[in-house]
Amino acid sequence: MNVVFRHPTRYHMASYKYSKCPISNTGSSTKEVSVLASCANLEDIDVFFHAKSVAIYGASPSPNSVGQAIVQNFLKPQYEGKIYAVNPKYSNVLGVPCYPTLGAIPDPVDMVVVAVPARITPRIFEDIAAKGSKAAIVVSGGFSETGPRGAELEDEIVRIGRKHGIRIIGPNCVGVIDTLSHIDTFFLPEYRCGRPRPSNVANISLVSQSGAFAAAISDWTSEMGLGISKIISLGNKADVDDDDLLCYLGQDDTTQVICYYTEGYDKDKGRSFFDTAKRISKEKPILVVKSGRGARAKEASMSHTGSLAGSDNIADAAYKQAWIIRAGNFEEMFDMAKALAMQPPAKGDRVLMVTNGGGLGVMTTDAIEALGLSQPHPSPELEARFDERLPSYCAVKNPIDVVGDAGSERYDVVFEEAIASDEFDIFIVGMLLQTPSLGMEITNRLANYSRQSGKPFVVISMGGSFTSKAGEIMELMGVPTYATGEKGALAAKALAQYGEVKYGKDFKKTFGADKS
């Protein structure tokens, strides 16, 4: 899963894309219509995720081979389409009829997965063209990442694709996973690389320049239980690129948040990507992890993918202008993405922290302040209402500490009064369940306050198996839950950052103005 070394001979192919119609940014009133209008021919991308018939070129019965692993993916009962094997050496692969060419298959084929040596791929693409298939995922390596000869082969398959209207993901990639349609071209056995699942609450899609990272994220998120709609490995980006997928995911109803891993941008396509992002980010959050910050990392990026890593300061500026939220690493990105997928964006930066553990409140407050969020004390009127309804030993500043003997009714007091006051935009809730006085009913109550208030809630719940179960319940009800105060504060920061994007001048930014 080396990704790409871009040889200069193939840059001229970068201009091949289906036309995109530029539009003005008219704001949220146009919503998905604006996104759709700027991204023509989305149907040719949709086939990668909803193909009703798939052929594996290079299918093989050999154990542990790429061709066998991909066939096994499509034999799972969840995939409801037709599957064909193509390899002149065999008549049958794992019970699937195997044909010498695509032309020998009696039925139409929507998508072809190409897993053959690079040197014969031009001939394979002529067969794809003759069959009339319009989508191909090339998982094979040996193209522009290897030097001039490989770049020539890559140019040739793109030339054939352009001539016959075949869209190409790859080469040198692992392809796509769609957890709803069960398209899965990852050539990695499931016992080694887990597959994520969709969620009934909210789902995230990831586009990765690196196949290895795409596989690792698939495995990792399968253990986290995080809702995933799609994972796409782009490899050399010979045809379908970040911009195409941003357009597609921007109007995909099964994707609530779009995530990217990149090492850099093609010199000819970077501006187009950021222009597209600026339109889409008003309607759907876009997060990115970009590597290549230092000189040595930039050098490694060039040998890995041939991407123009460029100045990291320039990339940062471009992200801000396009309203893309940049994360420091994958863990941060998915912590933020989970909150953005489950909760509404904040309409301001005023955070109220309420907890039954004072130490957790202090640590979380440190993180809130470090991230540039405001944590104002309640107004005298609100503080007086807290004093009337809470025991005298509770701390009613910010954070509010309802102390360790609290039951859920003390949380009720805080949220009833604080929500009615409209003095806060984000609620961070410390929920330490080791204390016997706090029952599991707190999960339902917090979820109800979150839904009824229309304000974002983030829960911090530290502990072992009992606590983890409560966190799972919270997330099934749409409230993101984290194991540390630092993670919870980062989630709140993302909700505020996206609130600034969503609400613009109507966003209430107070950090720095109130030092109380």
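View 1. Of the 516 residues, 59% are buried, meaning under 20% relative accessible area with a 1.4 Å probe and protein chains only; over 50% is exposed, and in between is partly exposed. Take the contacts (heavy atoms within 4.5 Å) between residues at least 6 apart in sequence: 76% of them join residues at least 24 apart. The accessible surface comes to about 20,400 Å², with 53% of that belonging to carbon and sulfur atoms; areas come from the Shrake-Rupley method with a 1.4 Å probe, and for residues only the protein chains shown count as cover.

A quick note on the numbers: residues count from 1 along each chain as its sequence is written, and side-chain values use heavy atoms, leaving out hydrogens and water. Since this is a predicted model, local features need pLDDT of at least 70 and side-chain atom pairs count only at pLDDT 80 or more, while totals for chains, interfaces and linings use all residues.

**View 2. The largest pocket.** This pocket holds about 790 Å³ of space. Here a pocket is an open set of points on a 1 Å grid over the protein atoms alone, where a 1.4 Å probe fits, with protein on both sides within 12 Å along at least five of seven lines; lining residues have an atom within 4 Å of a point. The volume is the space filled by probe spheres set on the points, which are joined across faces, edges and corners. Of the 30 lining residues, M224, K338, E472, E475 and T481 sit nearest the centre. Two or more lining residues come from each of α6 (211-224), α11 (330-342), α16 (465-476) and β19 (481-482).

View 3. Helix α16 gives the largest share, six residues.

**View 4. G95 in its loop.** G95 lies between β3 (92-93) and β4 (96-99). It counts as exposed because its relative accessibility is 55%. Between G95 and A85, ten residues apart in sequence, the C-alpha to C-alpha distance is 9.7 Å.

**View 5. R410 and its neighbours.** R410 belongs to helix α14 (residues 408-421). With a relative accessible area of 11%, R410 is buried. Leaving aside residues up to four places away in sequence, R410 touches L390, P391, Y393, C394, V402, V403 and D405.

Key: Helix = DSSP H or I, 4+ residues; strand = E, 2+ residues; numbered from the N terminus.
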